[in-house]
Amino acid sequence: MTSPTAPRAEREGWIRNWDPENEQAWEGGGKRIAHRNLALSVLSEHIGFSVWSLWSVLVLFMTPEIGFTFTPGEKFLLIVVPTVAGSLLRLPYSRAVTRFGGRNWTLFATAVLLVPASLALYFVHRPGTPLWVFLLIGATAGTGGGNFASSMTNITAFFPQRRQGWALGLNAGGGNLGVAVVQVIGLLVIATAGDTHPAYVVAVYLPLIVAASALAGWKMDNVEAVRTDSGAQREAARSSVTWWVSALYIGTFGSFIGYGFAFGLVLQNEFGSTPLQSAGFTFLGPLLGSVARPGGGWLADRYGGLRVTFWNFVAMAAGTVVLLVASQKHSFALFITGFTVLFVLSGVGNGSTYKLIPFSFARQAEAAITAGQDATEVFARARRLSGAVIAIAGAVGGLGGAAINLAFRTSYGDGSGSGTPAFLAFLGYYLLCMVLILAVNRREARTPASAARRPEASRV
């Protein structure tokens with residue numbers, strides 16, 4: 001058995017057609033290879049999320065004191081553009097990793113983050129720079145959001161089906177932490193150097209990008225199983241699983257990324273908070289939400305993905321009602337509490353919703369095998385479609401985050417200082433997701449596979 005620490009050429013020759021479902025191969029070295037690639041994937045995705053959400057911090061610095069007089073609506077637009085760009089890039093990024101290989105694409109996708117970081121570093125201290133320039137720079141920051149899809153697609157090839165919920169949850173949770181970490185860095189800069197030095201925030205990431213790129217090129221692997229056929233996304237687009245999961249992911253990941261990008265500006269517009277006050281609270285919600293994401297996958301493994309996701313949306317609806325009350329009473333403490341709870345719930349929902357993807361296709365595969373189809377071929381198709389749906393759902397969910405930011409821009413753009421219209425829209429969508437889950441559950445309960453696996457079915 002080839003050692004996972006052997007030279008790359010020998011090691012990749014061993015894992016080129018490695019099947020992670022093979023227990024002997026997994027215990028004989030595959031586990032160590034998978035965990036090493038997972039660790040470096042988390043690092044790259046983490047930095048990608050930080051760069052993607054960079055403008056949610058930089059807009060807090062962009063005040064008249066450093067020569068910028070952008071309106072609240074323009075500032076919200078500055079965080080909408082990276083959200084949209086990062087979401088749209090998830091589909092081509094997912095395809096790219098299947099074409100070029102996990103190591104090769106991770107190296108490129110990490111190194112290219114030097115472009116948005118360097119541009120932001122240069123222009124953020126150039127008073128008088130027009131808004132359209134910053135919008136273009138924000139669009140390049142979307143490359144950090146694309147990292148999520150390629151990273152998740154790559155990791156599915158390294159882990160057996162029974163371990164994918166944990167691996168994907170850890171990979172996504174570690175990436176999501178980038179939203180919180182960049183805000184902690186912003187807080188530290190404001191607390192130590194003041195709120196007139198946004199370039200310091202960007203400067204932290206330049207050496208980290210270089211180091212992560214070097215580690216990806218040195219220690220990661222290209223796996224043949226990642227190189228799926230080019231029609232996987234087209235085939236996934238014909239599956240109903242893709243679209244109901246994507247709709248739920250708008251409510252979970254869309255909430256996480258939308259709230260994470262907008263929270264600081266919401267506090268400034270709702271309560272007139274200073275940059276220091278805003279930065280002092282903005283990191284906590286994304287931090288807890290990121291940590292909660294693997295827990296959502298674990299709960300889905302134990303109690304069923306649909307069940308956990310349903311009750312999670314019930315709780316998110318209740319949390320939104322708390323925000324409405326806090327906004328009406330102008331209670332800062334209640335508002336912070338409600339938003340923090342929503343962040344945690346969005347993290348739990350991220351994990352439980354993503355668990356539905358491999359679960360749904362695995363159940364379809366079992367039904368096909370029962371009908372007499374070849375098990376190897378059927379499970380290979382399930383793995384291929386799972387990776388494709390992860391990319392599509394990730395893209396759609398990210399656009400949900402852009403919709404949240406646009407809703408906030410509409411609510412606060414008129415200078416009213418109230419987010420009530422936006423919160424009512426979010427509440428309506430969470431209720432819609434609850435109805436969708438009940439409909440999916442009713443349909444799934446009628447299938448033979450669900451009846452055969454009654455203890456494991458995602459029943460509400």
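## Aromatic pairs

A search of the whole structure finds 38 aromatic pairs. Rings of Phe, Tyr and Trp (its six-membered ring) count as a pair if their centres lie within 6.5 Å; planes under 30 degrees apart are stacked, over 60 edge-to-face, and the rest tilted. The model is predicted, so local features need pLDDT of at least 70 and side-chain atom pairs pLDDT 80 or more, while totals for chains, interfaces and linings use all residues. Residues are numbered from 1 along each chain as its sequence is written, and side-chain values use heavy atoms, without hydrogens or water.

Tyr259 and Phe426 make an edge-to-face pair, with 5.7 Å centre to centre and 65 degrees between the planes. Tyr259 sits in helix α12 and Phe426 in helix α18 (residues 420–445), so the pair ties together parts 167 residues apart in sequence. Both Tyr259 and Phe426 are buried. Buried here means under 20% relative accessible area, exposed means over 50%, and partly exposed is in between (1.4 Å probe, protein chains only).

The pair Phe408 and Tyr412 is stacked, because the ring centres are 6.1 Å apart and the planes lie at 25 degrees. Phe408 and Tyr412 are four residues apart in helix α17 (residues 375–412), about one helical turn. An α-helix has 3.6 residues a turn, so residues three or four places apart point the same way. Phe408 is buried at 0% relative accessibility. Tyr412 is buried too, at 1%.

## Overall make-up

The protein chain has 19 helices and zero strands. Both are DSSP runs numbered from the N terminus: helices are H or I with at least four residues, strands are E with at least two. The chain has 460 residues, and buried residues make up 59% of them.

The accessible surface of the protein chain comes to about 17100 Å². Carbon and sulfur atoms hold 65% of that surface. Areas come from the Shrake-Rupley method with a 1.4 Å probe; for residues, only the protein chains shown count as cover. Take the contacts between residues at least 6 apart in sequence: 84% join residues at least 24 apart. A contact means heavy atoms within 4.5 Å.

## Nonpolar cores

The largest nonpolar core has 109 residues. Such a core is a set of buried Ala, Val, Leu, Ile, Met, Phe, Trp, Tyr and Cys residues joined through side-chain atoms within 4.5 Å. Which members touch the most other members? They are Tyr259, Phe335, Phe339, Phe408, Phe423 and Phe426. Helix α12 (residues 240–271) gives the largest share of this core, 16 residues.

Phe335 is in contact with Phe263, Val266, Leu267, Glu270, Phe271, Leu323, Ala326, Ser327 and Phe423, leaving aside neighbours within four places in sequence. Another core lies apart from the largest one. This other core has six residues, among them Val97, Trp105, Ala109 and Val112.

## Helix α4

Helix α4 (residues 72–100) has 29 residues. From first C-alpha to last, α4 reaches 42 Å, close to the 42 Å expected at 1.5 Å a residue. The expected span is 1.5 Å times one less than the number of residues.

α4 bends by about 35 degrees at Arg90. A proline, Pro92, follows within four residues. The bend is the angle between axes fitted to the seven residues ending at a residue and the seven starting there. After α4 comes Gly101, with a positive phi near 100 degrees.

## Asparagines in α7

Asn147 lies in helix α7 (residues 131–156). Asn147 is buried, at 2% relative accessibility. Not counting residues up to four places away in sequence, Asn147 touches Ser44, Gly48, Tyr93, Ala109 and Leu113.

Asn154 is also in helix α7. Asn154 counts as buried at 1% relative accessibility.

## Partly exposed sites

His330 is in the loop between α15 (305–329) and α16 (332–370). Phi of His330 is positive, near 55 degrees, in a residue other than glycine. His330 is partly exposed, at 49% relative accessible area.

Leu177 belongs to helix α8 (residues 161–193). Leu177 is partly exposed, at 25% relative accessibility. Leu177 and Ile47 are 130 residues apart in sequence, yet 9.1 Å apart C-alpha to C-alpha. Beyond neighbours within four places in sequence, Leu177 is in contact with His46, Leu287, Ser290 and Val291.
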